[in-house]
Amino acid sequence: MSELELQIGRYLEELARAQASPHTLESYGGDLHQFLEYLSPPESEPPPLAGIGVLEIREWLADLYNRQLTAVSIRRKLAAVRSLFRFLSREGIVPMNPARLVRTPKAPKNLPDVMTAEQVNGLIDAVAADKYERPHPARDRAIFEFLYGCGLRVSELVGLNLEDVDRAERWIRVRGKGKKERQVPFATQAAAALDRYLPERGAAPRERAIFLNHRGGRLTARGVGGIVKLYGILVNGDSSVHPHGFRHAYATHLLADGADLRAIQELLGHARLSTTQKYTQVSLTDLMEVYDRAHPKA
């Protein structure tokens, strides 16, 4: 085992001890092992850690560009390498973090595509109608109601446990990015969907997760993505429907109905108001489209 491979393993073990989310462990592990593979040509060992500097990292980034990866993916992979070398520098294994000196690629400022309230409600109503012979229709409806009714990230949805729900006051405790917790209210329809689902939840022994797979274990983010995509195809013939689209819709529809931007920031669990402000841009874009279509001087 090479020195780099050994230290990647140590770093991932440290992340696990720090209780990083399964998504973070999987993502960083995949990115770091791809970095290792790039530095390990066939029948050769990767360079020693002291031999990995700014030039080597820039050459790796150039290879990612040549493979036509998106700027967002490249930024994530560079963040994983930076974090690895920050750990190694802190441990005294390398004298400095060379990845810190490499410029981060600029991410495109694309506005999210947002479903209208009619599209969202039409999809949820179709799920609630239970006409597709799905094995767990009550669970599926509750998933959609909480994605849209609470604006949850899919990782937050699958991380919900029974003790995180206050059914009397209609609040849920959400564990977001960076282990930050917040409380989010849920609406009458989400409460009704949960009341219908919980009696038939069918959990494995000692399983506390709310949303379960067919084996009675915790449903994964990928599993929720597959459920949402399937209904998108069944209802509208649209395979592009994604769980995060309901989070975008939640924020945009709240803003359009007059909700305060800082309140939306708290509900979404955004660390920075600037992240929430992109929904203002979406609303302005919608207004401009209405103006262009309707105003006689447009």
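Predicted model: local features only at pLDDT ≥ 70, side-chain atom pairs only at ≥ 80, totals over all residues.

Me: How many helices and strands does the protein have?
Reply: There are 13 helices and 3 strands. Those are DSSP runs numbered from the N terminus: H or I with at least four residues for helices, E with at least two for strands.

Me: What does the C-alpha trace span?
Reply: About 65 × 60 × 35 Å along the principal axes.

Me: And how much of the protein is buried?
Reply: Buried residues are 40% of the 298. Buried means under 20% relative accessible area, exposed means over 50%, and partly exposed is in between, with a 1.4 Å probe and protein chains only.

Me: Switching to the sheet: what order do the strands come in?
Reply: The order is β1-β2-β3 in an open sheet, with antiparallel pairing. Strands pair if DSSP finds at least two bridges between them. The edges are β1 (165-166) and β3 (181-185), each pairing on one side only.

Me: How many bridges join β1 to β2?
Reply: There are 2 between β1 and β2 (residues 171-175), and V165 stands opposite I172 in β2.

Me: What's in the hairpin of β2 and β3?
Reply: That hairpin has 5 residues between the strands, and G178 takes a positive phi near 65°.

Me: Which residues of β3 are on the covered face?
Reply: R182 and V184 are on the covered face, while E181, Q183 and P185 are on the uncovered one.

Me: OK, helix α10. Is it mostly covered or uncovered?
Reply: Mostly covered, with 11 of its 14 residues buried. Among them are F246, R247, H248 and Y250.

Me: Why does the length of α10 agree with what a helix should span?
Reply: At 1.5 Å a residue, the 14 residues of α10 (residues 243-256) should span 20 Å, and the end C-alpha atoms are 21 Å apart, so the two agree. The expected span is 1.5 Å times one less than the number of residues.

Me: What comes just after α10?
Reply: G258, which takes a positive phi of about 100°.

Conventions. Residues numbered from 1 in each chain as written. Heavy atoms only, no water.
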